[in-house]
Amino acid sequence: MTDATALRVRWQDALVAARGGAPGPDPLPYADNLLDRWAEPQRRYHTTAHLAQVLDRVDTLAGHAADPDLVRLAVWFHDAVYRPDRTENEERSAALAERALPEAGLPDTATAEVARLVRLTVTHDPADGDTNGEVLCDADLAILAAAPKEYAAYAAQVREEYGFVPDDAFREGRSAVLRQLLELPRLFRTPYGAAEWEPRARQNLTTELDLLSH
């Protein structure tokens, strides 16, 4: 099974489950539209590989979520609109979900929850007890806890996406983001994320910040 085929199956499974077994349109054209978006040429990190990785991490954390299939749909939409030179990507991605999901047969309340989750990725700061938000944000940030070689590749891909930004300006902006993350009392909100990902993520962030300052 190719990566794209596997992703299409994962979309279909999540959408059909979120519809609660109710009949609806064929899920696959929606999957193909989203996969085309995730394969746009300006992307280096925010690609179908990132999509698959975040879905994998949601699977790891699914037992913590109130509605894991809605979290999975939010993963599909959270970077569906992605332009590195724009600041409204999350809002435009949420708006896309609000248009597409009712047409795909999702109830209004479920669509609203998916859109809320997508907007939450602006801050990655879910409220206490927001288990869906905690799972989505932890899954999205789990790359921060990657092994050093994988983390270095992630950092390089982020730099490529911002290739239009001069080196000095990028170092300043990226360093500010890293410091903001390190100042958070906790990066991960699920018990699994706190135990398994937090220490290595902080080590990776500190290492990258040190490299940017030299």
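**Figure 1. The whole fold, helix by helix.** Helices here are DSSP runs of H or I with at least four residues, numbered from the N terminus. Counted that way, this predicted model has eleven helices and zero strands, so the pattern along the sequence is simply α-α-α-α-α-α-α-α-α-α-α. The radius of gyration is 17 Å, close to the 17 Å that the globule rule gives for 214 residues, so the protein is as compact as a globular protein of that length. Along the principal axes, the C-alpha atoms fill a box of roughly 60 × 35 × 35 Å.

Figure 2. Buried residues account for 47% of the 214. Of the contacts with a separation of 6 or more, 64% link residues 24 or more positions apart.

**Figure 3. Close-up on W11 and W76.** The model has eight aromatic pairs, and one of them is W11 with W76, edge-to-face at 5.3 Å centre to centre and 70 degrees between the planes. W11 belongs to helix α1 (residues 3-18) and W76 to helix α4 (residues 68-78), so the pair ties together parts 65 residues apart in sequence. W11 is buried at 0% relative accessible area, and W76 also counts as buried, at 0%.

**Figure 4. Close-up on F188 and W197.** These ring centres lie 5.6 Å apart with planes at 65 degrees, so the pair is edge-to-face. Both F188 and W197 are buried.

How values were computed:
Residues numbered from 1 in each chain as written. Predicted model: local features only at pLDDT ≥ 70, side-chain atom pairs only at ≥ 80, totals over all residues. Heavy atoms only, no water. Helix = DSSP H or I, 4+ residues; strand = E, 2+ residues; numbered from the N terminus. Rg over C-alpha atoms; globule rule 2.2 N^0.38 Å. Buried < 20%, exposed > 50% of the residue type's maximum accessible area, 1.4 Å probe, protein only. Contact = heavy atoms within 4.5 Å. Phe/Tyr/Trp six-rings, centres within 6.5 Å; stacked < 30°, edge-to-face > 60°.
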